Amino acid sequence: MKNYSTSDLALAAFLKMRGRKLITANKFPNGRFLFEFDDDGTCATLALDFINGEFSVYDAQVRAIKKAIYGVQHMLMR
């Protein structure tokens with residue numbers, strides 16, 4: 001079996017939701033992540049399902065809200 005790697009936290013969560021086994025999860029000093037999954041040949045298709053579905057829309061909205069919150073906090077601290 002091959003492995004599938006991604007640095008996208010939301011995609012990693014989606015792959016776990018779809019039953020893929022997480023082999024390793026690393027956070028590097030630069031703040032980036034790397035997730036490695038056991039791939040039975042379905043991970044690439046699942047990644048496309050994530051991108052083309054509502055899950056990526058949800059993730060984009062979470063990111064936008066975080067950006068708005070952190071932007072407001074930053075402005076208040078000036």
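## The nonpolar core

The largest nonpolar core of this predicted model has twelve residues, namely Y4, A10, L11, A12, F14, L15, F35, F37, C43, L46, A47 and F50. A nonpolar core here is a set of buried Ala, Val, Leu, Ile, Met, Phe, Trp, Tyr and Cys residues joined through side-chain atoms within 4.5 Å, where buried means under 20% relative accessible area, exposed over 50%, and partly exposed in between (1.4 Å probe, protein chains only). At least two residues of this core come from each of α1 (9–17), β3 (33–39) and α2 (43–52), and α1 gives the most, with five residues. Helices (H or I, at least four residues) and strands (E, at least two) are DSSP runs, numbered from the N terminus.

Not counting residues up to four places away in sequence, F50 touches A10, L11, F14, F55, S56 and D59, with contact meaning heavy atoms within 4.5 Å.

## A buried arginine

R20 lies in the loop between α1 and β2 (22–27), and R20 counts as buried because its relative accessible area is 12%. Leaving aside neighbours within four places in sequence, R20 is in contact with L15, F37, D38, D39, D40, T42, C43 and L46.

## A partly exposed aspartate

D49 belongs to helix α2, and D49 counts as partly exposed because its relative accessibility is 41%. Although D49 and F28 are 21 residues apart in sequence, they are 27 Å apart in space, C-alpha to C-alpha.

## How to read the values

Residues are numbered from 1 along each chain as its sequence is written, and side-chain values use heavy atoms, with hydrogens and water left out. Since this is a predicted model, local features need pLDDT of at least 70 and side-chain atom pairs count only at pLDDT 80 or more, while totals for chains, interfaces and linings use all residues.
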